[in-house]
Amino acid sequence: MPSRGHTRLSAAVLAVALVATGGVAAAVPAEAATGGTGWGTFGSRASKYAGTFTENGIHIVCGQPGADYPTGALNDAGYWDNYNGITGDKLAGINRVLSENLDTTDRNTAAALEYAVARTVDPTAALNAFDGSRQSSYNAVINYDLYSTVGSSNVKEIQRIANDLTNTINTTTAGSGRTGSGQLNFALNPKNHYVGTVEMDGTPGSTGSITLDHGVFEDTGLNTRDNVQEGAAYGVRGVPDESGVFYKITGQGRFTPPGQEGYAPNVHVWTPTVAGQQRSLSAGEKASPQPFDVTGFDPADRTTVFQPTLSTTAQAFVQKGAAFADTVRFSTTSDGAGLNNPWYRSPATGKALPITAEGTVYGPFAEPADAPSDTVPAEAPIAGHLQVTTGDAGPDIEYTATSTETARTAGYYYYVWTIAAATQTAVGKKYLPSDYVFTDKFGLSGEQSVTPMRVSAATQVAAPVVPLSGVPVDAAQVTTDGFWLKDADGSNLPVTVRWDAFLDPRESGITQVKVDDKPADAVLLGSTTQTVTGAGLAKTPEGDALGFTVPASGKGSIVWVASVRDADQGANADHIEEWSDDYGVPTEIQLIGQPTVATKATTSAQKGAQITDTATVGGVMPATGAQLTFEAYQVPMKQDANGVWQRDVPGGDVSKVCDDPNNRVFSNIGRGAKIAVTGIYTSPTVTASEHGTFLWVESLWSIPTTPGEQPQLISRGECGVPDETTVVLDVSTKASAVDGSNPVTPGTGIQDTASIIGAVPEGATVTFEAFRGESGNPVCSPATLVWTSTTATLTAGYFTESQPQQPVSGAFTPDATSTTTQVWFVETVRDHNGQTIAKGDCGVPDETLTLAPKPTPPGSTTGTPGSPQALAVTGFDGGSMGPWIAAASFGVLVGLALIGVQLVRRRRSSTEPSA
């Protein structure tokens, strides 16, 4: 409140102030103001009243510090936007605290409100206390005015609230608002009539909403949009009528000009009717922008006519006998003016207009097209036709078109597509230019399909038999079922033919099957490839170039399989169809030729004689030759409990003798002769230094051709076969007269006794023959043969000098003659096959008996010749006759080696050949 010494404003000054501040006096009947909420007594001049008061039911506060209370009536001076030089946000702040606190019933708040307004409208006067004394601060003023009335705690609360209200005044932003105007401007895109923009052109800063007719907003698909900014262009899309070709987009909207909802920068001013009393203030106005309406429409008609086009991706490769297929993607294209409307869709259902496209497949061609062209070559053959009609999704999806025709031969094929207005439905024609035709180019890379060429071959091995270690050879007559495809340069595509050589253990009976069904024991021996660029003869490499050979040993067949595989074709694999020959095609089999070996060893020999083995090599020799080796094994012997010598062989099986290296007495493995051709080859000679049975075994080995390679056994003879058995024995004989006479007395029986030392084989026999002739002139021939014993079977076994086998021929009595003659015995020992093991010589002294002439008494006659007696064979009876050794003549075979080899029983030798 003003102090008592304050200068009052005159009516004239007030009138000038009203005009200067833009205030408007309201024609409200004046009434005296009354107290409101606060501390103290309203209107008292003795003490401070701090708070609100009322005029015509409106709560007000003091607006002129230092002036007297308005005890008289007040005039409504209206809303001022400049009060005491205060405008804008600060005046809005005063308006705010008045609006929010004038109706308070809290006395501290009411008092604080008066102080906060006072210090704002007149900061200098507000430092004066009620009695006019000058204070140091606004808080000091409150304390000075009210302490005695309200006490310390209320003073502090009033001070706090006054400070808060002052801060609110100083931080408030004034609200604002007004009305505006404008219009909707539509822009039509000349390249797409469905799209364009709409813009509200009007009061700057205005915002609002727009509703479209025959259109939607591009980004939302809705026909309404909120929060539209003035001056901003928004994309729109046309929505034509269901059956209309031409249409316009129209729109209407409501916008609000810029401004902020809040407290206006003004206050309600009340002027006194009594001179010298203060002006008073109440709440000002609220600020609120006012909306306005706008409309607009397209400047020209929009059209729905469009031009459909397409692009395709043909199936890259079409197998022979398969249909042609193309993937079609539809779109639209611009007309001459640049207009490119989208595909027409029904506004009601959203379904796309169906459009039909027709395609033609041209081909086959031997080589790809040089470049795309606008026209199809006049001579181009037609291979098929395709058609596709778009569905409800229109160009949004891909379509697959398939021909009813199929690819019949290898080659390049090209697709050409056409869309024509004339071939569309009546509805379709309505939305296309009347003369519209689209045709794509011939020879587009994406419109090319290739039917791979089928390369196959008729195969024939070079020879039906291939030797061990040899190089197998195959040949193929390569053909194709159609064009030999060319590349972009016009050159024939290269084709790699593969040959796989399998080692099959069978020599015959190989069944023709698919290669995937080949026998499980067929092993891949090696592979080779040849690249060809046209039909003709292709061969596998010869010699070392092949890279593999037939194994050095083993039986079976080489089975060739020719094929054309994707993996061998590189970048051209898709242009060449895979093919494979069967396994076991008769013309693709090469028998692995084998050498044959037949052997014959020395049948028998005397101790100390030379024995050999002879091999006849035939058949197919290995390509690198072979090494021929020989081994000799002695059958071991042992004495039984009775002292009889028996073979020391498990189960009596002599084939097991060669399994024990301790029985080997000779071997030239590793030192054998290298042979290149078939023929007869004799082993090195071996000295039979002991009596016994010797078993020969021949072996044929491969000859290594690379460093580190070991010889492989091609074949090995059987152990213990008769032709490979040599028995070493000595046969001595002694002829005698039964009565012991010598010369033999006429009429006396004579006989021969053999003594056999060494090995006697099973089934061996002995036969004695007697020859007679002139004394001193031995001749053993059929003409001189006078007697033959019966053949006796010998006891098989091993016989020693102390226990020889001694067969006796049996006695016969020679005819007596008038002259002296001689008888010569010859014994023959044979094996079970009748092969001679040992035979005595003619005229050996111990086998010769002299026959005395018979006496011729007067008147006597010649005696009757004696008859032969049965042959007697004795075993080991040495009492009647001592061992006699007869020289036996053995033929010695000449071997490969020129030196004899001493036979040593149970001596180990090398078992492996060397290179």
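In what order do the four strands of the open sheet stand? The order is β5-β6-β10-β8, and the pairing is antiparallel. The model is a predicted one, in which local features need pLDDT of at least 70 and side-chain atom pairs count only at pLDDT 80 or more, while totals for chains, interfaces and linings use all residues. Residues are numbered from 1 along each chain as its sequence is written, and side-chain values use heavy atoms, with hydrogens and water left out.

Strands here are DSSP runs of E with at least two residues, numbered from the N terminus, and two strands pair if DSSP finds at least two bridges between them. In the sheet of four, β5 (182–188) and β8 (215–217) stand at the edges with a single partner strand each, so one side of each has no neighbour in the sheet. From one strand to the next the twist averages 35°; such angles run from 0 to 180 degrees between N-to-C directions, along axes that are lines fitted to C-alpha atoms. Inside this sheet, β6 (residues 195–202) and β10 (residues 233–238) run antiparallel and are joined by five bridges. Opposite G196 stands V236 in β10.

Another open sheet has three strands in the order β37-β40-β46, again with antiparallel pairing. Its edge strands are β37 and β46 (679–682), each of which pairs on one side only. The twist averages 25° from one strand to the next. Strand β40 (residues 613–619) is joined to β46 by four bridges, and G679 in β46 is the bridge partner of V617.

A pocket is found on a 1 Å grid over the protein atoms alone, as an open set of points with protein on both sides within 12 Å along at least five of seven lines; lining residues have an atom within 4 Å of a point. The largest pocket has a volume of about 420 Å³, a volume being the space filled by probe spheres set on the points. It is lined by 20 residues, and the closest to its centre are P722, T725, P761, D831 and H832. The elements giving two or more residues to this lining are β37 (595–601), β48 (692–702) and β50 (725–737).

Aromatic rings make a further set of contacts. Rings of Phe, Tyr and Trp (its six-membered ring) pair if their centres lie within 6.5 Å; planes under 30 degrees apart count as stacked, over 60 as edge-to-face and the rest as tilted. The structure holds 23 aromatic pairs. What kind of pair do Y362 and F442 form? Their ring centres are 6.2 Å apart and their planes stand at 80°, so the pair is edge-to-face. Y362 lies in strand β21 (residues 356–365) and F442 in the loop between β25 (437–439) and β26 (448–451), 80 residues apart. Both Y362 and F442 are buried, that is, under 20% relative accessible area with a 1.4 Å probe and protein chains only.

F812 and F825 also form an edge-to-face pair, at 6.3 Å centre to centre with 70° between the planes. F812 is in the loop between β56 (806–807) and β57 (821–830) and F825 is in strand β57, so the pair ties together parts 13 residues apart in sequence. F812 and F825 are buried. Elsewhere, ring pairs link F42, Y49, F53 and Y69 into a cluster.

Notes. 1 Å grid on protein atoms, 1.4 Å probe; cavity = no way out; pocket = protein on both sides within 12 Å on 5 of 7 lines; lining within 4 Å. Buried < 20%, exposed > 50% of the residue type's maximum accessible area, 1.4 Å probe, protein only.
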